[in-house]
Amino acid sequence: MHAWGADTLAPFVLRSDKAYFFSEDEAAFLAYRVIGGVAIVSGDPIGPPDHADALVGRFVAHARERDWRIAILG
């Protein structure tokens, strides 16, 4: 994934306190942590740029199913 981790928050994606949400084909993912009912997404999605919109859309649906609010840092 070194090819895709170019934003300044990319090093924080691999912290041990993160959970990961993958695209359907597992070619892309985003890192997040839930604190107080808020899913905090760290940085940009990792993977091919053309996967980002669908990945974030699926994550928003995933969060809504759990009644989480969403904050995205990036």
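Here's a quick briefing on the overall fold and on two buried residues, Ser-23 and His-62. Keep in mind that this is a predicted model. The protein chain has four strands and one helix, and along the sequence they run β-β-β-α-β.

**Overall picture**
- Of the 74 residues in the protein chain, 32% are buried.
- Among contacts with a separation of 6 or more, 54% link residues 24 or more positions apart.
- The chain's accessible surface is about 4800 Å², and carbon and sulfur atoms account for 55% of that.

**Ser-23, in a loop**
- Ser-23 sits in the loop that joins strand E1 (19–22) to strand E2 (29–35).
- Its relative accessibility is 8%, so Ser-23 counts as buried, the cut-off being under 20%.
- A polar atom of the Ser-23 side chain lies 3.1 Å from the backbone nitrogen of Ala-27.
- Setting aside residues up to four places away in sequence, Ser-23 touches Ala-28, His-51, Leu-55 and Arg-58.

**His-62, in the helix**
- His-62 belongs to helix H1, which covers residues 52–65.
- With 17% relative accessibility, His-62 counts as buried too, because that value falls under the 20% cut-off.
- Once neighbours within four places in sequence are left out, the contacts of His-62 are Phe-21, Tyr-32 and Trp-68.

Conventions
Residues numbered from 1 in each chain as written. Predicted model: local features only at pLDDT ≥ 70, side-chain atom pairs only at ≥ 80, totals over all residues. Heavy atoms only, no water. Helix = DSSP H or I, 4+ residues; strand = E, 2+ residues; numbered from the N terminus. Buried < 20%, exposed > 50% of the residue type's maximum accessible area, 1.4 Å probe, protein only. Contact = heavy atoms within 4.5 Å. Areas by Shrake-Rupley, 256 points an atom, 1.4 Å probe, with all protein chains shown as cover. Polar contact = N/O pair within 3.5 Å; in protein donor to acceptor, adjacent residues only side chain to side chain.
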